[in-house]
Amino acid sequence: MSLTLYQHPLASFCHKVLIALYENGTAFEPHLVDLGNPDARAEFCELWPVGKMPVLRDEARDRTVPETTVIIEYLEQHYPGARPLLPSDQDERLDVRLWDRFFDLYVQVPVQKIVVDRIRPQASRDPYGVAEARATLANAYDMLEQRMRERSWACGEEFGLADCAASPALFYAGIVAPFPPGHTHLAAYFERLMARPSVQRTIAEARPYFPMFPFVDAMPARFLHGGAP
């Protein structure tokens with residue numbers, strides 16, 4: 001098989017690319033990377049020395065493609081599916097890229113800060129940094145509540161790249177920092193994301209690994225065990 005995705009089923013940024021792959025039924029081989037295993041880590045860092053997942057390897061084109069947004073755009077260019085995840089209009093593409101970065105930088109990154117701090121030794125924790133991360137999430141929730149007031153998807157009329165980023169970002173964010181009760185438009189958008197078959201498949205594949213998640217005790221039963229809300 002030409003395409004191999006180096007990933008871990010629990011990692012939120014890996015979810016973003018998996019959702020894009022599943023949206024278009026793109027054939028690929030998943031390669032689970034265990035960064036806790038020194039040999040596996042060394043092998044992965046030979047592929048991409050930064051050591052961050054996911055990474056796409058395309059043997060047919062002899063290309064190694066890191067970084068989630070670049071991977072999805074690469075797939076769109078060289079392995080297009082029936083459902084484009086980026087619009088053809090260049091101005092609309094800029095809007096999609098903006099909101100893709102918004103979900104990565106202002107939702108996923110603060111969530112990672114909070115999660116990583118939870119697993120640190122007590123003496124190494126950063127309460128000030130966690131408070132900053134929670135404030136960033138609160139501001140992002142407010143912005144999304146306004147943006148989704150009259151929208152179904154983050155950009156345009158169809159599910160796209162920005163929604164691929166939103167799905168795992170909001171999935172994990174909603175666990176570590178639940179949405180405020182009055183944010184009904186954000187909550188409705190989240191439910192639309194969770195109803196996508198591509199998202200449901202990604203969560204199902206991650207489910208065996210959820211006990212490793214530091215906030216698993218706060219995870220809703222419908223995600224932890226499957227089934228209806």
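What you have open is a predicted model, in which local features need pLDDT of at least 70 and side-chain atom pairs count only at pLDDT 80 or more, while totals for chains, interfaces and linings use all residues. Residues are numbered from 1 along each chain as its sequence is written, and side-chain values use heavy atoms, leaving out hydrogens and water.

Next, switch to a cartoon view. You will find nine helices and four strands; these are DSSP runs numbered from the N terminus, with helices being H or I of at least four residues and strands E of at least two. Follow the chain from the N terminus and the order reads β-α-β-α-β-β-α-α-α-α-α-α-α.

Along its principal axes, the trace spans about 50 × 45 × 35 Å.

Then bring up the surface. The accessible surface comes to about 11400 Å², and 54% of that belongs to carbon and sulfur atoms; such areas come from the Shrake-Rupley method with a 1.4 Å probe, and for residues only the protein chains shown count as cover.

For a last stop, select Thr26, in the loop between helix 1 (12–23) and strand 2 (29–32). Is Thr26 buried or exposed? Thr26 has a relative accessible area of 15%, so it is buried. Show its neighbours too: leaving aside residues up to four places away in sequence, Thr26 touches Leu3, Leu21 and Tyr79, a contact being heavy atoms within 4.5 Å.

How values were computed
Buried means under 20% relative accessible area, exposed over 50%, partly exposed in between (1.4 Å probe, protein chains only).
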